[in-house]
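This report covers domains, a pocket, ligand shells and some backbone details. The sequence and the structure come first.

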Amino acid sequence: MELKVKEKVLAELEKIVGADFVSKALPDLYSYSQDMTENEPSWPDFVVMPGSVEEVQGVLRLANREKIPVVPIVGGANIGGLTIPLKGGICLDLKRMDRLIELNDKEMYAILEPGFTFGHLRRYLDKNYPHLTYSYPLSPPYTSVMCNAMLMGMGDMAVSLGMNADMINGLEVVLPTGEVVKIGSCSVSRSWFGRAPLPDIAGMFIGWQGATGVVTKIAVQLWQKPKYVEGATIMTYDMGATFRFMRRMAPMRILDELFIVPYETMKVITTKTTGPFERAPGEPEFAVLTAIAANSEDELKAKAQLRDAIIKEEFKDTKVDVMPSEPTDLPIRGQIDALGGCTWMGTYGPTSRWEEATEKVFQLLDKYKLPRVGFFRPLRQGHFGMWRPIIAFNKSDAEEVDRVRKFMREALTLALDMDHVPYKAPYWEVQEMMKRGDPNWVELLRRVKKMLDPNNIMNPGRYGAPEE
Amino acid sequence: MEVPDEVKDWAARCSRCGTCKYTFGQYLPSCPPGQKFRLEGYFPSGRLWIGRGLQEGVLSLEDEDVLERIYTCTACKACDEQCASLPKEHIVEVIEAIRQMVVGAGCLLPAHVVMIESLKKNDNVLDKPKEERGAWAEGLRLKDITKEKADVVYHAGDMLSFDPEIWGAARDAVTLLQQAGVDFGIAGKEETCCGGRAYEIGNMAEFTKYAEHNIEAYNGAGASKVILSCADGYSHMKLLYPKVNAKMNFEVLHIVEYIDQLIKEGKIKFTKEVPMKVTYHDPCHLGRYNGIYEQPRDILNSIPGLELVEMERNREFSWCCGAGAGVKQAYPDFSLWTANERIQEAKATGATALVTSCPWCERNFKDAIKEYGEKIEVYDIAEIARKAI
Ligand SMILES: Cc1cc2nc3c(=O)[nH]c(=O)nc-3n(C[C@H](O)[C@H](O)[C@H](O)COP(=O)(O)OP(=O)(O)OC[C@H]3O[C@@H](n4cnc5c(N)ncnc54)[C@H](O)[C@@H]3O)c2cc1C
Ligand code: SF4
Ligand code: SF4
């Protein structure tokens with residue numbers, strides 16, 4: 001950006017949000033130029049922190065007029081490089097918009113601003129509505145509920161309920177051209193009870209990584225907290241039996257939580273190193289973390305009996321250790337991001353391919369001397385699953401970063417070949433999908449993007465970006 | 001530019017997960033400058049990343065914006081408490097190492113230059129004449145340890161020595177020692193700064209000079225214990241002096257530890273009712289730095305008629321008073337804002353008085369009350385204890 005233009009833009013931005021909430025200071029720009037992933041840094045020109053919908057509108061109108069890129073961000077913890085401003089411009093930090101606008105306990109939803117985080121939500125519910133809960137992800141507490149849902153993330157109720165994107169009741173969006181639009185029942189009534197029965201145009205914003213507009217309000221579904229919960233951790237020694245067990249359990253609606261981690265994941269978390277780890281004789285291969293929820297002790301007991309019977313059947317030919325465990329109390333702090341760098345090949349896909357995909361990805365991890373860390377979970381009662389090898393790494397070790405980059409390139413090919421689709425996909429994964437994908441799908445993405453964002457200001461380089 | 005190991009080892013280990021921005025489980029703000037200025041650079045993660053940027057050579061110590069983000073940190077250590085990843089326990093260490101780089105590069109903030117010059121001239125960071133030191137003890141007839149030996153030395157420190165409005169904290173502390181029959185003395189005019197503020201703003205040479213001087217002086221007095229009412233001074237002597245190349249022959253105790261001990265030994269007895277509802281503020285250097293949470297509460301709970309109520313952020317989750325690490329001198333408005341946030345939290349408990357155990361906290365709370373027109377009393381814990389005798 002030319003210096004003169006930059007100065008003019010700065011003055012206008014300061015008028016819109018106040019001088020305290022615009023920065024062109026290098027230490028701030030540096031913070032927004034990268035994230036915890038291996039994706040290359042790229043510097044913004046400004047960081048802007050609006051405090052209201054009107055201020056967001058003001059910033060977008062200015063950016064649209066001047067054709068300045070705008071990248072919305074809250075926590076920047078998406079693990080996909082999605083808030084790195086690929087083409088500079090404005091990092092629109094929405095942390096100041098952190099209110100809970102309404103909690104409707106009858107229809108069980110909450111209307112939230114972008115900066116309202118899982119930590120805020122947990123505090124609010126525990127204090128005011130202890131009987132309600134949310135499908136909390138494993139992400140750090142200071143990340144946005146809205147961003148997670150808009151990115152089609154998932155939480156601890158995903159085994160039965162699916163993605164958090166499926167639990168969005170409505171949106172308020174500021175379009176790149178500055179208009180504010182409401183989507184869902186809230187567009188025709190006072191209630192934000194749901195998205196149906198209307199043409200579901202929420203899809204023009206959900207999953208777009210902030211490339212089509214700035215969401216300023218979201219209504220998310222809350223759920224009744226079960227009275228009884230029981231956890232069990234199952235140590236398994238055979239991959240086939242482990243995934244078979246998972247596929248059998250998921251559709252039965254017995255387990256409310258079921259995720260599988262390769263045993264080395266535990267080692268990385270507990271030692272806070274990337275190994276290398278030798279698999280000691282007799283050590284398990286996977287840990288399967290499960291939880292049962294019930295409304296009465298009898299229901300809990302009956303479900304546990306069924307679970308135990310199926311464990312017995314599915315692991316009859318191989319060793320298995322079952323131990324009671326505390327169900328994870330989310331949000332938690334300090335997980336796999338503990339080493340500074342963190343990335344993943346996070347995907348959704350058919351669980352029927354998991355034995356083959358996992359075998360292959362383990363070989364790939366070994367090839368790049370990376371620990372066998374991952375997280376696999378069936379979603380929506382097994383209709384599909386989240387398959388996610390995870391890499392924790394030291395960002396200041398250039399050789400390690402290079403290895404991680406190479407691994408990620410190969411892992412993408414592997415995932416796509418296994419019919420898995422990356423979520424929170426960084427720009428280079430998106431490019432690959434747009435290259436491989438149905439050309440008419442790509443064209444439609446571009447048309448939708450162009451219609452909403454004629455000057456391609458919103459998070460450029462993501463889905464629907466014009467061909468360069 | 002030489003990059004210290006602390007920066008090399010830990011700065012890049014921050015993933016910017018954001019967990020340190022809030023008190024875990026409560027989700028209340030934990031980092032004062034982050035909460036005030038909101039931009040990422042003012043949060044612990046932003047500061048660690050500045051370390052990285054300096055290491056990569058894309059940021060410079062001559063950049064005023066870098067200095068502002070590095071020096072608005074009150075070194076309250078809340079981030080070290082909240083972080084559960086690798087930087088835990090190393091965040092303030094990195095910030096302090098960057099400050100040492102600043103001093104090395106000759107880029108110290110003007111307000112801090114004044115502090116260092118005052119140290120050189122007056123042996124205190126407050127630009128006060130050296131002769132006025134010790135005036136706080138007038139009329140108390142305390143032993144002069146420069147002339148006679150004493151088992152215990154009471155070190156008043158800069159803030160208590162020169163601020164008549166808060167002398168009560170020191171005078172009541174030594175009165176309690178007198179009543180308990182402790183053999184103690186003070187260095188009076190000859191006392192010097194502990195050197196801690198110099199350390200915190202990055203000047204290792206000045207810090208080392210004062211640490212060596214004080215170790216020699218108190219060894220020379222034959223003291224087995226040095227007692228302080230200043231939480232900062234206590235923490236610096238206890239945690240940093242052992243790193244200096246001089247052997248300490250004395251133990252360092254904060255007055256709350258000592259009073260608590262004297263109560264438990266039956267040497268201090270509270271007999272008078274103190275019908276007050278108070279809340280207690282944990283000074284960062286007593287709490288998070290040294291894990292002293294229960295002794296002050298034990299003292300307050302043993303006072304007849306006194307009701308102690310807790311603020312939501314207490315003990316390791318305590319919100320800083322805003323005065324530490326040179327922030328009060330360099331960023332006075334922000335410092336008072338931070339204190340006022342705490343005053344609001346104290347008022348929300350229904351307490352009529354805010355009790356603390358550090359003169360820097362006391363001073364800053366009193367200043368903020370004036371600035372913001374608030375109404376709540378502020379006491380040092382020794383003043384409350386003294387009322388009960
Ligand atoms: C250790 C760890 C564990 C995780 N575990 C999980 C998990 O279990 N499940 C899961 O789903 N995710 C997980 N995540 C991913 C991620 O943290 C969450 O999805 C999180 O909620 C993202 O929030 P954020 O505030 O960091 O979003 P950001 O990274 O700030 O933003 C995410 C995206 O949304 C866009 N955006 C931001 N605000 C807006 C807006 N107002 N309007 C439009 N677009 C916007 C951004 O441009 C970006 O594309 C994990 C992350 C980490 C680091
Ligand atoms: S300092 Fe620790 S808690 Fe804070 S952002 Fe960095 S890793 Fe997370
Ligand atoms: S020490 Fe306190 S002020 Fe400094 S970065 Fe940590 S939390 Fe913030």
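Contact here means that heavy atoms lie within 4.5 Å of each other. By that criterion, 6 residues of domain 1 of chain B touch 7 residues of domain 2 of chain B. The model is a predicted one.

## Domains

For chain B, the domain assignment gives domain 1 (5-107), domain 2 (111-261) and domain 3 (269-387). Domain 1 of chain B and domain 2 of chain B have C-alpha centres 30 Å apart. About 580 Å² is buried between domain 1 of chain B and domain 2 of chain B, and carbon and sulfur atoms give 54% of that area.

Chain A is likewise divided, into domain 1 (3-93), domain 2 (100-224) and domain 3 (228-422). Between domain 1 of chain A and domain 3 of chain A, the distance of the centres, taken over C-alpha atoms, is 36 Å. In this contact, 9 residues come from domain 1 of chain A and 12 residues from domain 3 of chain A. The two domains, domain 1 of chain A and domain 3 of chain A, bury about 820 Å² between them, with 48% of it on carbon and sulfur atoms. Within domain 1 of chain A, the residues that lose the most area to domain 3 of chain A are M36(A), E38(A) and I79(A), which together account for 77% of what that side buries.

| Domain pair | Centre separation | Buried area | Share on carbon and sulfur |

The volume of the second largest pocket is about 880 Å³. Its lining has 39 residues, and D156(A), M157(A), P226(A), V229(A) and A293(A) lie nearest the centre. By class, the lining of the second largest pocket has 19 nonpolar, 8 polar and 12 charged residues.

Several elements of chain A each supply at least two residues of this lining, among them the helices α4 (118-128), α6 (158-161) and α9 (297-314) and the strands β12 (228-236), β13 (257-262) and β14 (286-294). The element that gives the most is β14(A), with 5 residues.

## Ligand shells in chain B

Ligand 2 is surrounded by residues of chain B, including C14(B), C17(B), C20(B) and C83(B), together with R16(B), L48(B) and I91(B). The shell around ligand 2 divides into 6 nonpolar, 5 polar and 1 charged.

Around ligand 3 there are 14 residues, of which C31(B), C73(B), C76(B), K77(B) and C79(B) are the closest. Two or more residues of this shell come from each of α2 (32-37), α3 (44-56), α5 (78-82) and α6 (91-104) of chain B. The shell around ligand 3 holds 11 nonpolar, 1 polar and 2 charged residues.

## Backbone details in chain A

A196(A) and P197(A) are joined by a cis peptide bond with omega about 0°. P197(A) sits in the loop between β9 (180-184) and β10 (214-221) of chain A.

Another cis peptide bond runs from G275(A) to P276(A), where omega is near 5°. P276(A) belongs to the loop between α8 (263-271) and β14 of chain A, and β14(A) is also the element that gives the most to the lining of the second largest pocket.

Q381(A), a residue other than glycine, has a positive phi, near 60°. Q381(A) is placed in the loop between β18 (374-379) and β19 (384-393) of chain A.

Definitions and conventions:
Residues are numbered from 1 along each chain as its sequence is written. Chains are lettered from A and ligands numbered from 1 in the order in which they are written. This is a predicted model: local features need pLDDT of at least 70, side-chain atom pairs count only at pLDDT 80 or more; totals for chains, interfaces and linings use all residues. Side-chain values use heavy atoms; hydrogens and water are left out. A residue is near a molecule or strand if one of its heavy atoms lies within 4 Å of it. Ala, Val, Leu, Ile, Met, Phe, Trp, Tyr, Cys and Pro count as nonpolar, Asp, Glu, Lys and Arg as charged, and the others, Gly among them, as polar. On a 1 Å grid over the protein atoms alone, a cavity is a set of points where a 1.4 Å probe fits but cannot get out, and a pocket is an open set with protein on both sides within 12 Å along at least five of seven lines; lining residues have an atom within 4 Å of a point. Grid points are joined across faces, edges and corners, and a volume is the space filled by probe spheres set on the points. Helices (H or I, at least four residues) and strands (E, at least two) are DSSP runs, numbered from the N terminus. Domain bounds come from an automatic or database domain assignment. Buried area is the accessible area (1.4 Å probe) that two parts lose on being put together, summed over both.
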